[in-house]
Amino acid sequence: MTELDSHDHTNIASNNDIASDNDVDHNHHPHLTGAVTMPPTAAELLDLAIRATTAYRREDLGARLAVTRRRLLDPEVRVLVVGEFKQGKSMLVNSLVDAPVCPVDDDLATAVPTLVRYAPEPSVVLVGDDEHQRRPVPIDQLARHVSEAGNPGNRERLRHAEVGVPRTVLSGGLCLVDTPGVGGLDSAHGASTMAVLPTADAVILVSDAAQEYTGPELDFLRQAMKMCPTVLCVLTKTDLYPLAAASSPIRTLLPPWRPTA
Ligand SMILES: Nc1nc2c(ncn2[C@@H]2O[C@H](COP(=O)(O)OP(=O)(O)OP(=O)(O)O)[C@@H](O)[C@H]2O)c(=O)[nH]1
Ligand SMILES: [Mg+2]
């Protein structure tokens, strides 16, 4: 996945390079003046790469490139909110949109991913195993379907819930995804969270200040940084543990920060 993402960025960078190369060509080869060749778009370069994966029998890479292509063309900015159990993921989403959308409670664990995006009126749609199974429900029934208490082990076999809220912060295409807590990378929820990482534009790892980052959290961060262009860490419950917020091992994962000129 590292390679995929770095290729993705390289493609965009090469796109710019190609654009400037064309300028250079025109300057150095006057006979080409007038034959304006548009540089390929990033999507066209991805199409070419996808065809190459078929030619070279690397369908596995083709599937990953197809996900990247979808992400590139989708105007929505999808931000996954992930973390271990009870770290405050749902509360963070609610705070960001300033609405009590996702169920928050010590006893109400999130069981189904919940996509929160803009809508002129509040709305909830439950999406089944098959993406075409879409069932609108009243917004006050959301908790019953997405929480462990109302839908234990996701026995309703929902793929996710889609919540629409009239909030300006979402109106530009931001989509926040509240996810079930992961009990380590190798748990069922951990595996499904890892599987959707390549579809995200950004990931927020939520961890409370009660303890230092755990081994699984650090493992997750390392993986996420390879698979997703933007990874953020949010420390919650600093009102309860203010001193813990001052020190964090996260900086050891990151390249040294340098001020820009
Ligand atoms: N004091 C304090 N409590 C918080 C904070 N964030 C979350 N909580 C509490 O922590 C508990 C769990 O919060 P949730 O938002 O449901 O946590 P979650 O990560 O979504 O939990 P799961 O979906 O079960 O994994 C709730 O009782 C919240 O009120 C915070 O910043 N400070
Ligand atoms: Mg939750």
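Tutor: Strand 2 and strand 5 are joined by five bridges and run parallel. The model is a predicted one.

Student: What makes strand 2 and strand 5 a pair?

Tutor: Two strands pair if DSSP finds at least two bridges between them. Strand 2 and strand 5 have five bridges, so they count as paired. In one of the bridges, leucine 115 has glutamate 162 of strand 5 as its partner.

Student: How do you know that strand 2 and strand 6 pair, and in which sense do they run?

Tutor: The requirement is at least two bridges, and strand 2 has three with strand 6, so the pair qualifies. The two strands run antiparallel. Threonine 114 is bridged to aspartate 178 in strand 6, and leucine 115 stands opposite valine 177 in strand 6.

Student: How many bridges link strand 1 to strand 6?

Tutor: Five, and the sense is parallel. Valine 77 lies opposite leucine 174 of strand 6.

Student: Which strands does strand 3 join, and by how many bridges?

Tutor: Six bridges connect strand 3 (residues 123–128) with strand 5 (residues 158–165), in the antiparallel sense. Serine 123 has glycine 164 in strand 5 as its bridge partner, and leucine 126 has alanine 161 in strand 5. Strand 3 is also antiparallel to strand 4, through four bridges. There leucine 126 faces arginine 135 in strand 4. Strand 3 and strand 4 make a hairpin, with five residues between them.

Student: What is the order of the strands in the open sheet?

Tutor: The eight strands follow the order 4-3-5-2-6-1-7-8, and their pairing is mixed.

Student: Why is one side of strand 4 and of strand 8 left without a neighbour in the sheet?

Tutor: Strand 4 (134–137) and strand 8 (230–236) are at the edges and have a single partner strand each, so one side of each lacks a neighbour in the sheet. From one strand to the next, the twist averages 25°.

Student: Which strands does helix 4 lie across?

Tutor: Helix 4 lies across strand 1 (77–82), strand 2 (114–118), strand 5, strand 6 (174–178), strand 7 (202–208) and strand 8. Its direction is at about 155° to strand 6. Helix 7 (residues 215–227) also packs on the sheet, where it touches strand 7 and strand 8, and its direction makes about 170° with that of strand 7.

Student: Why are helix 2 and helix 3 called roughly antiparallel?

Tutor: Helix 2 (residues 42–55) and helix 3 (residues 59–73) pack at about 165°, with their axes 8 Å apart. Angles over 145 degrees count as roughly antiparallel, so helix 2 and helix 3 receive that label. Their crossing is left-handed.

Student: Which residues make the contact of helix 2 with helix 3?

Tutor: Helix 2 contributes Ala42, Ala43, Leu46, Ala49, Ile50, Thr53 and Thr54. From helix 3 come Glu59, Leu61, Gly62, Leu65, Ala66, Thr68, Arg69, Leu72 and Leu73. By class, the contact of helix 2 with helix 3 holds ten nonpolar, four polar and two charged residues.

Student: What makes a residue count as near ligand 1, and which are the closest?

Tutor: A residue is near if its C-beta atom, placed from the backbone, lies within 6 Å of the molecule. Ligand 1 is surrounded by 19 residues, and the closest are Gly88, Ser90, Ala109, Thr110 and Gly181.

Student: Which element gives the largest share of the shell around ligand 1?

Tutor: Helix 4 (residues 89–97) does, with three residues. The shell around ligand 1 comprises six nonpolar, seven polar and six charged residues.

How values were computed:
Residues are numbered from 1 along each chain as its sequence is written. Chains are lettered from A and ligands numbered from 1 in the order in which they are written. This is a predicted model: local features need pLDDT of at least 70, side-chain atom pairs count only at pLDDT 80 or more; totals for chains, interfaces and linings use all residues. Axes are lines fitted to C-alpha atoms, for helices over the stretch in contact, and angles run from 0 to 180 degrees between N-to-C directions. Angles under 35 degrees count as roughly parallel, over 145 as roughly antiparallel, 65 to 115 as roughly perpendicular and the rest as oblique. A crossing is left-handed if the near helix is turned anticlockwise from the far one by less than a right angle, and right-handed if clockwise. Two residues are in contact if their C-beta atoms, placed from the backbone, lie within 7 Å. Ala, Val, Leu, Ile, Met, Phe, Trp, Tyr, Cys and Pro count as nonpolar, Asp, Glu, Lys and Arg as charged, and the others, Gly among them, as polar.
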